[in-house]
Structures are given as C-alpha cells and as structure tokens.
Amino acid sequence: MAGYRKPFGGGSGSPSPNVSADGLTYVYTGFKPNTAASLFDVTAGGPALATQNADGTGKVTFVLATKPPVGNAIVIDGQQRVSAGTVQAAPVVPVQPGGVTYLFISTDFITDPDDAVMLVTAIAHKNAGLVVIDSVMASANETFVPAGIDALMRKYGAPVPVYVYKGAVSSVPSGSTASLFPKIARDAFGTPYGIQNNTNVNYPDTMTGWTARLSAVPDQSVLLSIVGSPVDFMAWYGASPANAALAKAKIRKIGQMGGGFPSTSTPETNAKISVAATAALAAIRDIPIEWSGVEIGATVRSGPPLYTDPTADPLQAIFDQFEQEGSGTNLVGGLRQSYDPLSLDALVRGLGDRYTRSAPGIVNVDASGNTSFAAQADGNHTYLVKAARGTTAQTDALLGAELNAIVATVTAPIPASVRGLGLDLNEGTPVQFVRDPSYKGAMAITGANAATTTNDPTRATAPNGTSSVFQFSGAQYLESRDPLLFTGNSLAVGAVINPDAIAGTGLKYVLAARTTGSGTPVRYWELALFEGRIRATVWGNVNGTSPFELTADTALPVGTWALVQMHQDGTTLRIRLNGVEAKPSIAATLNTATNVCGVQIGAQRLGSIANFYNGKMAAFDFLAGTNLTVAQALAQENKLRAIATAKGITLP
C-alpha cells in the first residue's frame with residue numbers, strides 16, 4: 001500500500017498488519033469476513049483502543065485519533081491475536097543533505113490578484129529560509145502572464161526560471177475576462193531586466209520545464225504548489241510513464257488549491273477549467289496530495305500593506321489595476337480573498353494552530369468538475385480544515401492578519417508613498433471611478449445609489465463655460481465605495497468651493513472621513529463650514545471624544561470661489577483660506593489606529609448621512625502620510641489652484 005510501512009513480519013505465510021507512517025492507522029487482511037476484531041496497547045493495558053468488524057474480504061481497519069506512545073506493543077485481537085509490532089517514532093522525510101526543500105509553483109496569474117499575493121508569500125518563505133523557489137510554471141497561455149510573473153519575482157529580489165503552458169486549454173475561467181494586471185507588472189517593472197516587451201512567446205514551454213527542473217533536484221525534495229488548474233502539470237505528467245516516475249521520485253507533496261470539501265454541488269473555478277486535468281490529478285495514488293478547497297480562503301482577506309508606492313511595489317500596482325478595471329467590488333478595504341496564498345502557506349509551513357487535516361482518503365471529480373472526498377485508510381489525499389480560534393470571523397481575521405504580516409516582510413522595505421484621493425470633478429455623472437495620477441492611488445467614488453444619480457450632485461457651469469463643477473443642493477453627496485484604510489499620523493485636505501447658502505448655526509460638511517454604515521462612528525477628520533466659517537477637526541482617539549478643533553473668525557462670502565484647506569503635520573493643526581492661515585495653529589494629534597473609514601464629500605456620516613453642504617465644488621484633494629510638511633500642503637494648494645485656473649476660476 002502506498003504510504004505505508006511494514007515494520008514486522010507475520011507467521012507461517014500469514015499476512016502482516018500494515019501501519020501508517022503517522023502511527024494512527026492499522027490495517028490487517030487475514031481475518032474471517034464480517035467478524036469482530038479489536039486493537040490493544042498491551043504495554044499500557046486497559047480497554048481496546050478501537051473495535052471494528054472485518055469487511056467481506058476479511059480486512060479490518062483501525063483509525064486512531066491519538067498515536068500510542070513510541071515503543072509500546074500493539075496487537076490486533078480477533079479470531080487470533082496478531083502482533084502489530086511496537087509503535088515507531090515518526091519517520092524522517094528523505095531530503096538532500098542540508099534539508100533544502102525546493103518549492104515549485106504552478107499558477108495561472110490571471111483574473112484574480114491573489115496569485116500575486118501567493119507569489120509574495122512564497123518569496124517571504126524563501127527569505128525566511130524555509131524553501132528555495134525553484135521555478136514558476138504559468139498555467140495560463142496568455143500574452144502577458146509569464147512576463148508579469150517574471151517582473152514581479154525579479155523586482156522582489158527572487159528571480160527564477162519561468163515557463164508557460166502552451167497547450168490548447170485556457171486557464172481563464174469560462175465567461176470571465178483576463179485582468180490586465182500581468183501587463184501592468186511587466187510594463188511597470190520589466191525595464192531594468194530587459195523584459196518590458198516580453199510576451200508568452202519569449203518563455204519556454206512547461207512541457208520541457210517540468211522535466212528539466214525536476215531532473216535537477218534531489219529525490220523527495222520538492223513541494224509542488226498548484227494554485228490554478230493543474231492543466232500544465234497533468235499535460236506533462238500524463239505524456240509518458242517516465243514523467244510520472246520522475247514526479248513520484250522528486251515530489252514529496254502536492255498542494256492543490258481547487259475544489260471544495262468535503263464536497264461541492266457547484267464546481268469550483270480551478271477544478272472546472274479542465275475537468276479532465278483535475279480528475280487526472282485526483283487519480284494519482286503514489287504522491288501525497290493535500291487539497292485546499294474554496295472554503296479556506298473565501299472569507300480571509302489579504303493584499304498589499306497600506307500605502308506602499310505602486311511605482312515601487314508590484315503588489316500595490318497589481319491591486320490598483322484590479323480595482324481600476326471595476327473588479328474592486330470584490331475588494332474589502334483594499335484586500336482580496338486569499339484562496340491561493342493560504343494554500344501555498346499551508347503547504348510550506350504546515351498545519352500549526354491554523355488548520356487540521358482530514359483523515360486519509362481519495363478525491364473524486366465528477367463530469368462537471370464537482371469534487372467529493374471519500375475517507376480511505378490507504379488513501380494518499382487529505383484536505384485542509386480551518387482550526388477554530390474563536391468565532392468564525394475571529395478565525396478568518398487571524399488567518400488574514402498572519403498572512404498579511406508575512407506579505408509585509410517582503411513589501412515593507414519599499415518606501416511608503418503619500419497616498420491621496422482627488423477629483424477635478426470632470427469625471428462624469430455619476431462618478432464611478434477615480435485614479436489620481438498625482439499619487440497613483442486608486443479609489444472608487446459613487447453616490448449612495450451607484451446605479452442611479454439620485455443622491456449624486458448635479459453638473460453646473462464653470463466660469464470658462466464648461467460643465468466641470470459639481471452642484472450640491474444641500475441633500476446630495478459623494479462617498480467612497482471602498483473604505484479608506486488610514487494609518488498615517490498626518491493629513492492635508494483641501495477643496496475649491498463656492499457656497500450658495502451658509503446661514504444658520506449648523507455645520508455644513510465639505511469633506512469628512514468617518515466609518516461608513518450604521519453604528520457608532522470612528523472619527524478621523526472633518527473639514528466643514530460652521531456659520532460660514534472654516535472649521536477643521538481631528539480626533540486623537542478612536543472613540544470620537546476630545547476632538548482637536550480649529551474655527552476661523554470670519555465667514556466666507558456667499559457666491560464667491562475660495563480655496564479652503566486643513567493641514568495636520570503630526571503635532572499641529574492649521575486652517576488656510578486662499579493660501580493664508582485663517583486662525584493661529586493649535587497642537588493636535590491624529591488617531592493612528594488602523595481602521596476602515598469612508599470619505600464623505602459634501603456631507604457627514606453619523607450612522608446616516610447628514611449636515612449637507614450647499615454650493616458648488618470645483619475640486620478637492622486629500623493626502624495621508626507621516627509628518628506631512630508645510631511644503632507638501634503648499635504643493636496640494638498649487639495643485640488645486642491649477643485645476644481652478646483651468647476652469648476659469650479666479651482665486652485670491
């Protein structure tokens with residue numbers, strides 16, 4: 001039986017019990033069919049460890065939850081007593097001297113940026129000395145995929161051979177569109193390595209890659225992570241018995257991200273891309289395969305650390321591109337599901353306190369690509385199960401936090417950029433998406449009803465005659481579709497406005513950042529008009545108490561364009577009107593706790609939207625960072641002035 005050892009002999013030609021390598025499963029085939037048998041630890045004494053009936057062939061199988069102590073004598077007692085020998089210590093996995101483990105990766109690197117998080121996770125494990133990344137096999141024969149992989153690996157200091165599958169089966173799921181993020185990675189980071197014009201034709205075929213790379217490493221030294229359809233690996237594996245024998249000799253374990261367990265009724269994406277390839281992988285019986293189903297990563301979020309510079313960080317650039325394409329509806333707080341990185345991480349780091357493993361068995365794949373698991377004592381397949389660490393949400397949060405900490409060890413050395421959000425309000429109505437080239441940040445903006453213009457401001461005519469300013473009626477607003485994760489200790493906020501009404505004592509919010517949705521708000525900052533006077537507020541804690549507040553002495557005139565600005569540099573809060581401080585600065589600190597916060601434009605959120613601004617707005621700008629200087633605030637002012645000038649607006 002594959003994966004089993006026989007540490008003892010039977011007598012007089014009788015069969016010998018088989019004991020699994022982990023000491024938990026005992027199999028004997030020499031009893032009378034359908035008779036009872038028990039497993040005993042004769043050294044420890046006491047009751048039977050397990051009792052089972054032999055099947056119709058006389059085979060009996062015992063599966064224990066806990067391994068008996070090493071050295072204890074075990075017997076199987078039925079029609080006769082059969083020695084199962086003594087409990088053995090765990091076998092040493094045969095690897096080359098020095099214990100080097102070679103990680104092979106097969107990935108489609110298409111449609112979903114969690115492939116990129118997976119590669120960064122692999123690089124982190126390489127940097128920690130856990131593995132050597134041998135090569136990456138691109139399973140999607142798409143134009144930019146291998147070059148995107150190549151550029152990412154090189155930029156992060158982990159260049160490896162890259163191969164691409166050139167068979168007929170596409171690894172892009174039916175009905176989906178290939179994302180351009182592989183092209184972004186190639187274009188933005190390929191030039192220093194001379195690969196900026198590479199396409200799939202510049203990379204060798206995986207059919208030669210598997211043979212060349214596996215032949216060069218020691219026996220049983222390979223962990224193979226497949227995070228996509230196994231189409232490229234199985235095309236090579238099934239091409240000849242020699243390939244299958246080479247795989248068996250070299251690969252210690254395969255980790256496959258695919259399917260769902262213990263079973264699916266709707267095929268998982270990777271499993272159904274090539275049902276034949278998935279079924280062929282499931283039919284392998286002489287290499288251990290651990291499956292990570294869709295349920296493992298579906299509710300765990302990961303991605304680039306906050307505010308890394310996308311001009312220096314491939315992962316941030318990839319996530320920005322993914323969001324720009326409109327796929328950002330699948331991002332929460334800028335993070336994506338973690339199907340692929342969790343699969344690879346578990347393969348490399350093992351279970352820890354993060355997972356448990358199913359009993360041995362085999363995976364079956366039906367004609368549609370649905371997967372199901374059948375327990376079988378001599379099976380070579382298992383699947384991962386998330387270990388509960390508190391509630392389901394707490395378990396997922398811990399997995400995500402641990403994964404993001406691993407990713408940050410690779411991306412953290414890349415300098416953080418000042419991240420911002422800005423509109424020149426020429427983007428159309430409703431505003432669906434914004435990419436500010438000044439800061440390379442990606443942020444989607446919609447009204448409360450994204451499919452309509454019900455709560456969006458309308459267009460108004462700028463002094464130059466173009467419909468390039470927004471009119472807020474006192475009941476309209478814009479709000480960030482995706483939350484803004486703000487962790488800096490400093491900010492600069494500005495807007496070009498022309499208020500229509502400022503009467504009364506209430507606050508009229510120009511810009512604000514608070515938690516979205518219902519419940520107690522977490523407050524960060526607000527720029528408002530109070531009785532027509534500029535008011536800036538920042539909070540130094542997360543519970544919305546004890547704000548630092550600065551209000552100008554003089555009200556803005558109605559019907560006049562003005563540039564209003566607030567700047568908190570880490571220790572001091574300032575307000576400026578048309579480039580001049582409108583009130584002496586005060587000492588102020590800003591809440592730096594990581595939290596999810598939405599940006600509101602033309603209103604304030606306190607569970608619900610309220611305190612609407614009434615007037616025109618030609619532009620706004622928001623910067624977040626660490627200890628933003630006066631020079632940076634002045635640069636923001638100049639940017640807003642340039643937008644105003646282009647629209648025919650004259651500012652003092």
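Before looking at the sheet I noted that two strands pair if DSSP finds at least two bridges between them, and that helices (H or I, at least four residues) and strands (E, at least two) are DSSP runs, numbered from the N terminus.

I also noted that this is a predicted model, in which local features need pLDDT of at least 70, side-chain atom pairs count only at pLDDT 80 or more, and totals for chains, interfaces and linings use all residues. Residues are numbered from 1 along each chain as its sequence is written, and side-chain values use heavy atoms, with hydrogens and water left out.

**Sheet.** I looked up strand β4 (residues 36–41) and found it joined by four bridges to the antiparallel strand β7 (residues 73–77), where D77 is the bridge partner of S38. Both belong to an open sheet of four strands, with antiparallel pairing and the order β5-β4-β7-β8. β5 (50–53) and β8 (81–86) are the edge strands, each with a single partner, so one side of each has no neighbour in the sheet.

**Helices.** I then turned to α1 (residues 114–127), whose axis comes within 11 Å of that of α2 (residues 145–155) and crosses it at roughly 35 degrees; axes are lines fitted to C-alpha atoms, for helices over the stretch in contact, and angles run from 0 to 180 degrees between N-to-C directions. The contact (heavy atoms within 4.5 Å) is made by A116, L119 and I123 of α1 with I149, L152 and M153 of α2.

The axes of α1 and α11 (residues 339–349) come within 7 Å and cross at roughly 25 degrees, and these two helices are therefore roughly parallel (angles under 35 degrees) to each other.

Note on methods
Angles under 35 degrees count as roughly parallel, over 145 as roughly antiparallel, 65 to 115 as roughly perpendicular and the rest as oblique.
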